[in-house]
Amino acid sequence: MAKPISVLVLNQISQNGLKRLPTERYKVGKDIADPDAIMVRSADMHSMQIPPSVQAIGRAGAGTNNIPVKAMSARGVPVFNAPGANANAVKELVVAGMLLAARNIGGAMKFVGSLDPADPDMEKKVEDGKKTFAGFELAGHTLGVIGLGKIGCLVADVAIKLGMHVLGYDPEITVDAAWSLPSQVKKANSVAEVLKSANFISMHVPLVDATRKMINAEMLAHARHGAVLLNFSREGVVDEVAVLAALDTRKLGAYVCDFPSADVNRHPHVIALPHLGASTGEAEENCAIMVADQLREYLEHGNVQNAVNFPNVTLPRESNFRIAVANANVPNMLGQISTTMADAGLNIHTMVNKSRGEMAYTLVDVDSQVKPAVIDAIAKIDGVLAVRYLPLEN
């Protein structure tokens, strides 16, 4: 019987997700010394000694900032995530954020909470006090969406259904996102254009060098007076110092975010939530199921889907004998791999090779069993980062 595939779990992962790894084939737990894979949510892995046995990492969420992706790429280890699995949860929180800001709900709740229920004048104080918290409706106002991935598209769609006008900006929009984007969304050509036109600006971009402090003093100078900035993306995509300055001058009416910090916390015009974006039972379950399925496909068949550092590669099984190779994306790698197999007398039944940046990945189905010496020979090719033999279990 084949050795069980071991998966180390670093955080509390939905049981419905873990059930996708059948107990007859997988050993899953929090105390595994040399795991084949790791499943993680928020645990910081940068200071962790990741065992050489690890073949894949699955993040039950979208962001992978807590994982040393570059180091894993150098080892030929894919890092999977679950894009879109928590999109509905984030979308609903963005809508809640807009309503919190537009209707002054937070302040109104604090006011009511300060009243003494035994006070005979409580009802009069309620009527007198409510004038302070008069707000405005979302319908008819313009929402600017920066970043039109799965979440951005859902936010745009629900805003239109609420009667809002929507302006979208994303220079790298994917084909799938473009298909799902409502036709009523108007295209903006820059971040500045969005800020000039929108009453609400909602950020939905990853934190990379190009997006770090994307919303800064220069950009905020373009904003409409009293606009509401919403950040349910990543803390670092806005310059908090610039945002606070804009709030103090009332250039911005409010800043709604999911990232409390020493700078923004308790500011009178900041609504900060405690990382609630994906904190629903449904989102956590969806993320766990998606990443567990992706890990299983990779560990058993070598297929790659939604890895942040590998190309998507899927090859239906046409043989019981499969070799998976991760290598640097340099010339003549495929030729060297094929030659090594041919020299070993292996007949290639089918092969697929794709690249992504500096990483390339190859799946090869051959017609006969592969001896360990062949795997060792492929591993020794300069530029090969990882090679696995994946015979189909009967």
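1. Start with the contacts. Take those in the chain between residues at least 6 apart in sequence: 63% of them join residues at least 24 apart. Keep in mind that this is a predicted model.

2. Next, the overall make-up. The chain has 13 helices and 16 strands. Its C-alpha atoms fill a box of roughly 90 × 50 × 35 Å along the principal axes.

3. Burial and surface come next. The chain has 394 residues, and 48% of them count as buried.

4. Now the charges. There are 37 positive side chains and 40 negative ones. How far apart do the centres of the two sets lie? They lie 2 Å apart.

5. Four strands form it, in the order 14-15-13-16. The pairing is antiparallel. Strand 14 (348–356) and strand 16 (384–389) are the edge strands, and each pairs on one side only. From one strand to the next, the twist averages 10°.

6. Strand 13 covers residues 321–328 and pairs with strand 16 in the antiparallel sense. Five bridges hold this pairing. Opposite V325 stands V387 in strand 16.

7. Then turn to strand 9, residues 200–203. Which residues point one way, and which the other way? F200 and S202 point one way, while I201 and M203 point the other way. All of these residues are buried. In general, side chains in a regular strand alternate between the two faces of the sheet.

8. Strand 9 pairs with strand 6 (residues 142–146) in the parallel sense. This pairing spans four bridges. One place to check is I146, whose bridge partner in strand 9 is M203. M203 is also one of the buried residues of strand 9.

9. Strand 9 is joined to strand 10 (residues 227–231) as well. Here, too, the strands run parallel, with four bridges between them. What is the bridge partner of I201 in strand 10? That partner is L229. I201 itself is buried and points the other way from F200 and S202.

10. Strands 13 and 16 pair in the antiparallel sense. Strand 9 pairs in the parallel sense with strand 6, and strand 9 also runs parallel to strand 10.

How values were computed: Residues are numbered from 1 along each chain as its sequence is written. This is a predicted model: local features need pLDDT of at least 70, side-chain atom pairs count only at pLDDT 80 or more; totals for chains, interfaces and linings use all residues. Side-chain values use heavy atoms; hydrogens and water are left out. Helices (H or I, at least four residues) and strands (E, at least two) are DSSP runs, numbered from the N terminus. Buried means under 20% relative accessible area, exposed over 50%, partly exposed in between (1.4 Å probe, protein chains only). Contact means heavy atoms within 4.5 Å. Lys and Arg count as positive and Asp and Glu as negative; His and the chain ends are not counted. The place of a charge is taken as NZ of Lys, CZ of Arg, CG of Asp or CD of Glu. Two strands pair if DSSP finds at least two bridges between them. Axes are lines fitted to C-alpha atoms, for helices over the stretch in contact, and angles run from 0 to 180 degrees between N-to-C directions.
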